[in-house]
Amino acid sequence: FKQYDPSPRYNARDAAVVLGHMHQAKVILGTATPSMESYFNAKTGKYGLVELSERYKGLQLPQVLCSDVKRERKLKNMNSHFSNFLLEEMDGVLQKGEQIILFQNRRGYTPLWSCEICNWTPKCNYCDVSLTYHKLANQLKCHYCGFTTNPVGSCPSCGSSRLNMIGFGTEKIEDELSLIFKDKVIKRLDLDTTRSKNAYEEILTDFDNGLIDILIGTQMVTKGLDFNNVYLVGILDADMLLNRPDFRAYERSYQLMSQVSGRAGRLEKQGKVIIQTGDPDHWVIQLVSEHDYKGFYDNEIIERENFSYPPFYKLISLTLKHKNLNLVEVAAKELATSLRNVFKERVIGPEFPLIQKIKNQYLKEIKLKIERTAPEQKVKEKINEICDEFYKKVELKSVKIVIDVDPL
């Protein structure tokens, strides 16, 4: 768990380690997919390392197979967003009375509407993001501020009625699978279906009791769940995970795919995992298929060192917020200049983040890459001094600075 808003911003793992140190208590970090920082600490002797090389009771790890959706589309072997290979495997599992988990890390029905003529897309009034269509509510929703509006019948820009739905979320998967497997019980586990009290527990209890045949979910289905009758896991869009513009994209992709794979085959029979991807030869997907975390770590740690990222450097993010775009840009340049006078080439930015406006506030980011060997207290004091000087300037007082150490 990483706390973002409101402050204090902290990583629960790191808070546990600090709390353990304060009370001279032992802390156990248990996972099949440790973060790069934790495994680096274990490899370099800062943490003790205990490895479990096999599953409980010697159970087999699931067999991981890839479905090349690029090739399947060329051969016209796709049924909507599902390859024939995946559907055949699902049919075989269901006929045996076994259960299936499908993972798609995007909720809603379709993430993007687009006009075929002029490429207009509906945008949030308060955030710089496109709206996601939710079929059950028949609304377009912003997943950042909660803004909702009714769907449009024609393009407000050019008047065309040729509006395309692009992409797919958990709601669309549920809708389409209900047409393919008409006699099966299909449920979703995502933020939309678990808003009411006890909804999360009820869905999982029903699935555990065999009342649900196919469970579709976001990250909620990847961790900590243990179901004896799940023998097939489908990862529907691995490329979306891998292609995020974030230095941790490969780490998160490996973790999520490996974690959801672990839900398959928890009893004597070996489970099966099918990854739908346009790039089955991608090195991360290959290592997920081989259950090779060490191989992933050895590859990724070289990149982290070459480009000065954690665990070799500490990242500190300073995000400036204001409803006036010009003021944010002026303030960001001013703050970046002051930081560079002290931290030199360790300062990156200012630049717009991937989403430039949230809740009517424009954002600009400055990042610091600080060596792990640098004295933390001195770095903290210097940043606080610079921010204090910044706020002494009357014209910049209304700009908010959000500081996040080790942002995720």
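Modeller: In this predicted model, the side chains of arginine 71 and glutamate 72 form a salt bridge, with 4.0 Å from N to O. The term covers a side-chain nitrogen of Lys or Arg within 4 Å of a carboxyl oxygen of Asp or Glu. Side chains of opposite charge can pair when their charged atoms come close. Glutamate 72 is buried at a relative accessible area of 9%, whereas arginine 71 is partly exposed at 49%. Buried stands for under 20% relative accessible area, exposed for over 50% and partly exposed for what lies in between, using a 1.4 Å probe and protein chains only.

Residues are numbered from 1 along each chain as its sequence is written, and side-chain values use heavy atoms, without hydrogens and water. Local features need pLDDT of at least 70, side-chain atom pairs count only at pLDDT 80 or more, and totals for chains, interfaces and linings use all residues.

A second salt bridge joins glutamate 116 to arginine 162, at 2.4 Å from N to O. These partners sit 46 residues apart and link distant parts of the chain. Glutamate 116 is partly exposed, at 39%, and arginine 162 is also partly exposed, at 46%.

Aspartate 406 pairs with lysine 314, their closest N and O atoms being 3.5 Å apart. This pair, too, links distant parts of the chain, 92 residues apart. Both aspartate 406 and lysine 314 are buried. The whole structure holds 19 salt bridges.

Methods:
Helix = DSSP H or I, 4+ residues; strand = E, 2+ residues; numbered from the N terminus.
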